[in-house]
Each structure stands twice: as structure tokens, then as C-alpha cells.
Amino acid sequence: MRQSSLVVVANRLPIDDNQAPDGACEWRRSPGGLVSALHPLLRHTPATWVGWAGGTGPAPTLPDVDGVRMHTVPLSHEDLRDHYEGFSNATLWPLYHDAVEQPEHHRRWWEAYQRVNQRFAEATAEVAEPGAVVWVQDYHLQLVPGQLRALRPDLRIGFFLHVPFPPPELFMQLPRRAELLQGMLGADLVGFQRAQAAHNFAQLVTRVLELPATDRRIGIDDRVVRIGAFPVSIDTTEMEALAARPDVAARARRLRQDLGDPRQVILSVDRMDYTKGIEQRLKAYSELLASGDVKVRDTVLVQVAMPSRERVGQYQILRERIEREVGRINGEYGRVGEPAIHYLTQPFDRAELAALYRVADVMAVTPLRDGMNLVAKEYVAARVDDTGALLLSEFAGTAAELSQAYLVNPHDLEGLKQAICTALRTSPADTTERMRAMRAHLHQHDIRAWARSYLSALDESGALVSRLTRTDDTPDDTIRVPRPADRTTERATG
Ligand SMILES: O=P(O)(O)OC[C@H]1O[C@H](O[C@H]2O[C@H](CO)[C@@H](O)[C@H](O)[C@H]2O)[C@H](O)[C@@H](O)[C@@H]1O
Ligand SMILES: O=c1ccn([C@@H]2O[C@H](COP(=O)(O)OP(=O)(O)O)[C@@H](O)[C@H]2O)c(=O)[nH]1
């Protein structure tokens, strides 16, 4: 087994098993912000990525992706159901997002969570060279730092949580709260998106485990675990370069024509998730159409809603509700050839997204709660001419950084309606001033700055950071490799 000095461990590999429209076997970039953040960062870096390839059955052997070794962890049908769909996405996910949907608790899910985390820890222990740095990602793998330390005390272990870490009142509901905290404390550095999350974690560690903790350091056994906020970001220059490409600019012009050359385009791009506030936004939009504040001929709304976690009940119900509401709004307010909402559920590649970002006069990012939300940052980076208004929820991690956005409380329907109108009617001078400030922020705080700040806190020697390679080419969204004969295609998402 080849070993690496840097190992990233995440539930998902950066590529996901996919069937091409022509029936050929291909692997696409996996959905979601974690992969969007880490994939460009690691390209051409001598590292191993330990993760799941998106189906069930035996682990496929994958080629290196952009020079990064892929080490696949297999999941059975039961693991997928009880670890990924169950404990990760029907217990932890809703609880960590303010319990906007009811978290479910099942003992079988907890058993699967422990078992799958142990499998990830063992796989990581095999591929990490002596003294290697291991960077464990996200809520699916909270036990891995502790399990890995037990197997390989020589490793330097980091853990980063991409989602919010909830306040004690919510976290205390978890039947296995002590084990989850202990698992995370197996790391040398525990990183969060926001300082409030680090504060919540320190409070819980004191209350549940009775350990001495501040918002920066926690003492456990003979070790000190450091904690802190490291807001994740995007490859700003890559998105700018993509948006400035002549073919992307031409595609944006064509898209505007295809939309009927409206005066204004509002865009939203979300995974189909109840945390993203899609229903609240549709309700606000529908009321604005009803009152005549927004007119279909003048303004169009483009809603991209990429299907996600499609076998989890709450996600199925959400999709049905959204589709019924989009149908109702289009039926009531649309005209022949002029729908009020252009609703799209197919996943878009980055060039198409960049073109959409260029078309959007207003980008509406209004989640009820979101760890970060990279779509908001991508929109800002793509506005190479400093135009465009970003309407942003106060409850997205991004809001702590992009304070020049039009900030809104998505639970406040009247406030949301007003904010949409303000963003549509604001003066070009105001949007330009705001956009310039946000773009300057993203130049300073891009994905490399994130990795530098996290990895230099984890590995004080600084050797690791210098190993991250800078590349200027745009990665492909699709990678064609042969599908192993025994591979099943049971899917966990869209
Ligand atoms: O893997 P999935 O179940 O298909 O979900 C996709 C990803 O969703 C979540 O993304 C989070 O990470 C982003 C980057 O830090 C952040 O901007 C966003 O707010 C978070 O929700 C999840 O945390 C990832 O693990 C998933 O891969
Ligand atoms: O059709 C789509 C929709 C979204 N995305 C990407 O998915 C990521 C979503 O990340 P975000 O942090 O906004 O939210 P998450 O889905 O991780 O909760 C962003 O990089 C988007 O560019 C994509 O590639 N194709």
C-alpha cells in the first residue's frame, strides 16, 4: 500500500459514480461545497483522499484524479441507509441546522455511524505514512479523529466541520453527545466556520465532559486540543477567469436572450435542501407577483435546485412541495413562453454556472441556516465588471464576511419581500460600491488563504502549506474511467 504524508478524509471522494446520457461510464465532480473547496486546493499535491465513491458494493479502484490518489471506502446498502442517510443526514444534519426539520434518533443508525467511522479510520491508518498530517472533514466522520489516534498516535490530526456547530440547548438532545465530543477531541486542531461554533463547542466540552476549555484551547489527558474559526472559501481567481472567458460571456448573452431579454434576472442556486430556504423565497416571490411589485415580463426568477439526498424522506417531501409551488406560481402568473420561474433540477457544470452568475442582476442566497454557502462567494467572484446585487441571509456563514451584501432574515416574509425589491431597485452606484468591497475581500480570503491558515495552525513547521501546488488550469467536471464489472449503481443523491 502506497502511503502519503498528507491524507484528506471526507465522506465523499471528489468524484462521484455517474452514468453518462449515452450509457458510458463516467465519474463526475461530486455535488456540494466541500468538494468545490477541497478539490481545486489539492490538485497536483502529493496527497491521498480517503472517501466514498457514491454507490454501494465493493470499493472500485480509481485512478489518481489530478495527481491526487483516491482511496475508496466501500459502503454497503445498510451503511448507506443508516450512516449516510440516517445518522448523518436525518439526525445530525437537521440538528446542526437549528432543527428546522425534526431530527430522528435510532439506535441502529448510531451503530452504523460508529462502524463506518471505524472503517474510515482504519483505511486512513493504512495510507498515512509515519508522522503524516491527516485532515478529517465534516459531520459524517466526527468519531474518526479519536479512532485514528487510538490506531496511529504518531499522526498529526486535524478536524474541520463544514456545517454549523449548534448551541448547547440543541446539541444536548443527542443521546450519544459525549462520544461525539470525545471523537472530535482526538484531533490536535478542531476547526469551524465561525467563532460562535467554536464557542458552542468549548461550552459543551466543559458541560458534558467536564474538561477545562476556552474558545481556543481544551485540555484532555496530557494533550492540548486547539480550536478556532477558519471560514472556508473559493478559488477566486479561477472563478474570475472562468467568468471572463469569451465563450462564457457569449453563453451568458445567449442565456439572457433565451430568458426573453427581461429587464432583470434573479438567480438562486441551491442543493434541494430544506436548510436553503427555497420555499420561503418562493412564497415571497409569489406575493410580490400577486401585489404587482414584480411583473413577469420585466423580471424572471431562475431557480436551480440540484436534487440531493433523494432517498431521505424529508428531502422527498421537500421536493414535492417545491415542485407543486413552482407549478402553482407558473400557472397563476406565467404566460405562454414566459414562465414566472425557470425551474431547473439538472446539475450544471462550472462554466454553465459562471454564465448564469454573469446573467443574474440579483443573486438570492437566503438559507435558513448554512455553514458557509460557496454559491454566494462564487457569484461575487464571477461579477468581473463589479455589477450585481447579492441578497444574502444573515444565517449563512458567508454573511459574517460579506457584510456589504443586502442582508436579510429569511424567516421574516415581509422583510424578505422588501429586500428583494431593494435589491431589484438599488442604484448601479450602490451595487458597484458593495460589489467592489466584497470582491476585494474574496481576493484576500480565498481557498488558499483558508488552507494556509488552517494547515499552518495544524502543522506549525509550515512544511505542509508549501507543498500545496498552485495551478492555473481549470479542472474538468467529468472524468471517464472504466466501471468495475461488479459495481452496483445504487444512488445516494441526484
Ligand atoms: O455530500 P452530500 O450529502 O451530497 O452534500 C453536499 C455537501 O453539503 C454540505 O456542504 C457544506 O460545506 C460547504 C463548504 O464548506 C459549505 O459552504 C456549506 O454551507 C455546507 O453545507 C456538507 O457539509 C458536505 O459534507 C457535503 O459534501
Ligand atoms: O448545479 C450545480 C449547483 C451547484 N454546484 C456547486 O455546488 C456547490 C454548493 O456549495 P455550497 O457551499 O453553496 O452549499 P452545499 O451544497 O455544500 O450545502 C457550489 O460550489 C456550486 O458551484 C454545482 O457545481 N452545480
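Q: How many strands form the open sheet whose pairing is parallel, and in what order do they stand?
A: Strands of a sheet pair through backbone hydrogen bonds, either parallel or antiparallel. In this predicted model, six strands make up an open sheet with parallel pairing, in the order β13-β12-β11-β14-β15-β16. Strands (E, at least two residues) and helices (H or I, at least four) are DSSP runs numbered from the N terminus, and two strands pair if DSSP finds at least two bridges between them. The edges are held by β13 (341–344) and β16 (406–408), each with a single partner strand, so one side of each has no neighbour in the sheet. Neighbouring strands of this sheet are turned by 20° against each other on average, direction ignored; axes are lines fitted to C-alpha atoms, for helices over the stretch in contact, and angles run from 0 to 180 degrees between N-to-C directions.

Q: Which conventions apply to the model?
A: The model is predicted: local features need pLDDT of at least 70, side-chain atom pairs count only at pLDDT 80 or more, and totals for chains, interfaces and linings use all residues. Residues are numbered from 1 along each chain as its sequence is written, chains are lettered from A and ligands numbered from 1 in the order in which they are written, and side-chain values use heavy atoms, with hydrogens and water left out.

Q: How many bridges join β11 to β12, and how many join β12 to β13?
A: Eight bridges join β11 to β12, and these strands run parallel. Asp 270 stands opposite Ala 305 in β12. Strand β12 (residues 299–306) is joined to β13 by four bridges, again in the parallel sense, and Leu 301 stands opposite Ile 341 in β13.

Q: Why is β12 described as largely enclosed by the rest of the structure?
A: Burial is read from relative accessible area: buried is under 20%, exposed is over 50%, and partly exposed is in between (1.4 Å probe, protein chains only). Seven of the eight residues of β12 are buried, so the strand is largely enclosed by the rest of the structure.

Q: Which strands does α14 lie across?
A: Helix α14 lies across β11 (264–271), β12, β14 (362–365), β15 (389–393) and β16, and runs at about 170° to β16; contact means heavy atoms within 4.5 Å. The loop between α14 (413–425) and α15 (428–444) holds Ser 427. At 37% relative accessibility, Ser 427 counts as partly exposed.

Q: What is the strand order of the open sheet of eight strands?
A: The order is β5-β4-β1-β6-β7-β8-β10-β9, and the pairing is mixed. Here β5 (69–72) and β9 (217–220) stand at the edges with a single partner strand each, so one side of each lacks a neighbour in the sheet. Strand β1 (residues 4–12) pairs with strand β4 (residues 48–52) in the parallel sense over four bridges, and Val 8 stands opposite Trp 49 in β4.

Q: Which residues of β8 are buried on its two sides?
A: In a regular strand the side chains alternate between the two faces of the sheet. Both faces of β8 are covered, with Leu 189 and Gly 191 buried on one side and Val 190 and Phe 192 buried on the other. Strands β7 and β8 pair in the parallel sense over three bridges, and Leu 189 in β8 is the bridge partner of Gly 158. Four bridges join β8 to β10, which run parallel; Phe 192 stands opposite Ala 229 in β10. Helix α7 (residues 195–209) lies across β8 (189–192), β9 and β10 (223–229), at about 145° to β10.

Q: How many aromatic pairs does a search of the whole structure find?
A: The search finds 18 aromatic pairs. Rings of Phe, Tyr and Trp (its six-membered ring) pair if their centres lie within 6.5 Å; planes under 30 degrees apart count as stacked, over 60 as edge-to-face and the rest as tilted. The ring centres of Phe 160 and Tyr 454 are 6.1 Å apart and the planes stand at 85°, so this pair is edge-to-face. Phe 160 lies in strand β7 (residues 156–160) and Tyr 454 in helix α16 (residues 447–458), so the pair ties together parts that are 294 residues apart in sequence. Both Phe 160 and Tyr 454 are buried. Tyr 96, Phe 165, Phe 171, Phe 192 and Phe 201 form one aromatic cluster.
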